Amino acid sequence: MSPPSMTMAGPYRPPTVAHYRQQQYSSFDYNKDGKVNFQDVKAVAKNALDRNNDGKIDIDDLHTLADLVLPTPPKDGKPTKRACVRCGKELKKKSKYQTGVCVDCYRNPTDAERCIAHTSSGDRCKRRISDKSEKGYCGIHMRKFEGNSQ
């Protein structure tokens, strides 16, 4: 038997799988240096807070961040009034069922918002489509034509 081949560095050892495995970094190691430290916190803060990309975190960056997060206050100090989406009239405290329309527009729906049933006189029903209806009927005709017991 011959002795194993020897080189100047010692006997030959084939490479292992562990040698080729890539380094696994923690999700908190932002700069991928193998350590989780204050440099990682600074890098995250710089990327998150530097809004104008000038390399520095200053008062302008903080104002921009505050404008994104905080709601814009009304100009005259009063809360903003909501308006009807159909007629533009200012909504009172009692708008109908959070529909975004005023009471007058709610009571007088457009043809697209009206019930599809016909009354005994042959005219189309003037009531609004129920939000529970699947076919487009008002609360009265929904019971008759859809068979729901509501």
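Begin by selecting Arg-128 and Glu-113, whose side chains meet in a salt bridge at 3.7 Å, N to O (a side-chain nitrogen of Lys or Arg within 4 Å of a carboxyl oxygen of Asp or Glu). Both Arg-128 and Glu-113 lie in the loop between helix 4 and helix 5, so the pair ties together parts that are 15 residues apart in sequence. Helices here are DSSP runs (H or I, at least four residues), numbered from the N terminus. Glu-113 counts as partly exposed, at 25% relative accessibility (buried means under 20% relative accessible area, exposed over 50%, partly exposed in between, with a 1.4 Å probe and protein chains only).

The model is predicted, with local features requiring pLDDT of at least 70 and side-chain atom pairs pLDDT 80 or more, whereas totals for chains, interfaces and linings use all residues. Residues are numbered from 1 along each chain as its sequence is written, and side-chain values use heavy atoms, leaving out hydrogens and water.

Next, select Asp-111 and Arg-114, which form a salt bridge with their closest N and O atoms 3.2 Å apart. Asp-111 is exposed at 53% relative accessibility, whereas Arg-114 is buried at 16%.

Proceed to Lys-89 and Asp-104, joined by a salt bridge of 2.8 Å, N to O. This pair links distant parts of the chain, with Lys-89 in the loop between helix 3 and helix 4 and Asp-104 in helix 4, 15 residues apart. The relative accessible area is 40% for Lys-89 and 44% for Asp-104.

Now select Ser-133, in the loop between helix 4 (103-107) and helix 5 (139-145). Ser-133 is buried, with a relative accessible area of 14%. Its side chain makes a polar contact of 2.6 Å with the side chain of Glu-146 (a pair of N or O atoms within 3.5 Å; within protein, one must be able to donate a hydrogen and the other to accept it, and residues adjacent in sequence count only if both atoms are side-chain atoms).

Move to Asp-29, in the loop between helix 1 (17-20) and helix 2. Asp-29 is buried yet has no salt bridge; Lys-32, the nearest side chain of opposite charge, is 6.2 Å away (Lys and Arg count as positive and Asp and Glu as negative; His and the chain ends are not counted). The Asp-29 side chain reaches the backbone nitrogen of Asp-33 at 3.3 Å, and one of its polar atoms lies 2.8 Å from the backbone nitrogen of Gly-34.

Terms used. Helix = DSSP H or I, 4+ residues; strand = E, 2+ residues; numbered from the N terminus.
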